[in-house]
Amino acid sequence: MGILLFLLAKLWQHEASWHSMLAQLARGWHSPANGWVGLALLLVPLNWLLEALKWQVLVRRIQAASLGSSCQAVLAGLSLGLLTPRSLGDYAGRLLVHGSQHKVRMLGVVLLNRLVQSLSTFLGGLLGILILIVTLGLWQSQELVWLLLPSLLGLLALLGLMGPLRQRLLLRLQQWVGEKWLRWLTPLTEYSVRELLLVNAWGLLRYGVFSFQFVCLLWWAGIVLPLGLLLAGVAATFLIKTLVPAFNLLSDLGVREFSALLIFSLLEQPQAEVVAASLLLWFLNICLPSLAGLGVVLQLRRKLALSE
C-alpha cells in the first residue's frame, strides 16, 4: 500500500499526469475503447475458475474436494487476503472451507500452489525480458539485465522442486538448512509427475488469461505497441511484482503499478495511462471477486455459528 501511495505522490508532482490518470479512469465507461474493459471483465470468472481447478487437484491429496468447494476456497482466500498479508489470508480462507483437520499439510499445499503459479510467472517473465532486451537493444538497461540472473535461478529452482528428482533434492536441501525450515515443502513429494504437470498446465492457462486481461486494459488506456512487445512488457511486469518483496494489505495493490511503471517507462509509454490500466486490473480481478468471496466467508461463518 505504501508503494501505491508513493507512486500516486509522484504523479501528483506532475499535475498533468495526475489529471490524465483520473480522466482515463473516469472516461473508461464512455469511451469507444470500453469494449476492452468488458472483455477483461468477462475473463475474470475464467481466471478464478482455472485457479479453482488447479487447487482442486492439489487439495485432493488431503481430502475429497468438488469443483464447487474449490471455487469457494479460492474466493474465500482471495477475500481474506485482501485485508491481510496475502499468504495468511489465502491460507485462512481455504482452511475455512476445507476444515481445520489438516492445518500443517494444508499450509504446505497452499505454498505449493504458489510455487506452481510462480513457475509460470518466471517462465513467461524471463522470456519477456529477453524479448525486450534483444528486440529493443536494451543491453545497457541495468534494470532488465540484472533481472536475468535471479529470474533464471528462480526458474531452475522451481523446475528442480517439481521435477522427477524433487525428493532427492529436498533431502539434500534438508541436510544443508535443517528439516524444520523445509517441512512445508514435503507435500511436493506426495504428488505424481502427472499431477504436477496437470496443475502447471492450469497455471500456464491462468497466466495467459490474466496477462491478456492486462493487455486489454492497456489497449483501453491508449497504450499503442506491437502485440509482442506488449505481451513481453506485461510478462516482465508480473515477474518484477513477484520478485519485489512486499508486506502489504489490499493484496498486491501498488506493487504491480510500480513494476508496470518500471517496464513501460523503458518503452517510453505515458505513466498515467499505465497506472490507470494497472489499477483497473486490480479492481476487476481482485476487488470484485473479493466481494463474492466475502459472501462465502460470511455464509461459512454463519454455518459454523449455528453448528456450535
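**A chat about helix contacts and burial**

Trainee: Is F122 buried or exposed here?
Mentor: F122 is buried, since its relative accessible area is 8%; buried means under 20% relative accessible area, exposed means over 50%, and partly exposed is what lies in between, with a 1.4 Å probe and protein chains only. Keep in mind that this is a predicted model, in which local features need pLDDT of at least 70 and side-chain atom pairs count only at pLDDT 80 or more, while totals for chains, interfaces and linings use all residues. Residues are numbered from 1 along each chain as its sequence is written, and side-chain values use heavy atoms, with hydrogens and water left out.

Trainee: OK, and where does F122 sit, and what is it in contact with?
Mentor: F122 belongs to helix α6, where helices are DSSP runs of H or I with at least four residues, strands are runs of E with at least two, and both are numbered from the N terminus. Setting aside neighbours within four places in sequence, F122 is in contact (heavy atoms within 4.5 Å) with P150, S151, G154, L155, L158, L239, T242 and L243. For L239, which is 117 residues away along the chain, the C-alpha to C-alpha separation from F122 is 6.1 Å.

Trainee: Let me step back, how many helices and strands does the protein have?
Mentor: There are 13 helices and zero strands. Of the 308 residues in the protein, 50% are buried, and among contacts with a separation of 6 or more, 71% are between residues 24 or more positions apart.

Trainee: And what does the accessible surface come to?
Mentor: About 15100 Å², with 69% of it belonging to carbon and sulfur atoms; such areas come from the Shrake-Rupley method with a 1.4 Å probe, and for residues only the protein chains shown count as cover.

Trainee: Back to α6, at what angle do α6 and α10 pack?
Mentor: Helix α6, residues 103-136, packs against α10 at about 55 degrees, and their axes are 8 Å apart. Axes here are lines fitted to C-alpha atoms, for helices over the stretch in contact, and angles run from 0 to 180 degrees between N-to-C directions. That angle makes α6 oblique to α10, given that angles under 35 degrees count as roughly parallel, over 145 as roughly antiparallel, 65 to 115 as roughly perpendicular and the rest as oblique.

Trainee: Which residues of α6 and α10 meet?
Mentor: On the α6 side they are V116, Q117, L119, S120, T121, L123, G124 and G125, and on the α10 side V199, N200, G203, L204, R206, Y207 and F210. By class that contact has seven nonpolar, seven polar and one charged residue, where Ala, Val, Leu, Ile, Met, Phe, Trp, Tyr, Cys and Pro count as nonpolar, Asp, Glu, Lys and Arg as charged, and the others, Gly among them, as polar.

Trainee: How do the axes of α3 and α10 cross, then?
Mentor: The axes of α3 (residues 34-59) and α10 (residues 193-220) come within 9 Å and cross at roughly 165 degrees, and the two helices are therefore roughly antiparallel. Their contact has 23 nonpolar, four polar and four charged residues.

Trainee: What about α10 and α11, at what angle do they pack?
Mentor: α10 and α11, the latter residues 227-243, pack at an angle of about 115 degrees with axes 10 Å apart. The residues of that contact divide into 12 nonpolar, two polar and no charged.

Trainee: Changing topic, where is E268 found, and is it buried or exposed?
Mentor: E268 is found in the loop between α12 (255-266) and α13 (271-307), and it counts as exposed at 73% relative accessibility. Its phi is near 60 degrees, a positive value in a residue other than glycine. Most residues other than glycine have a negative phi.
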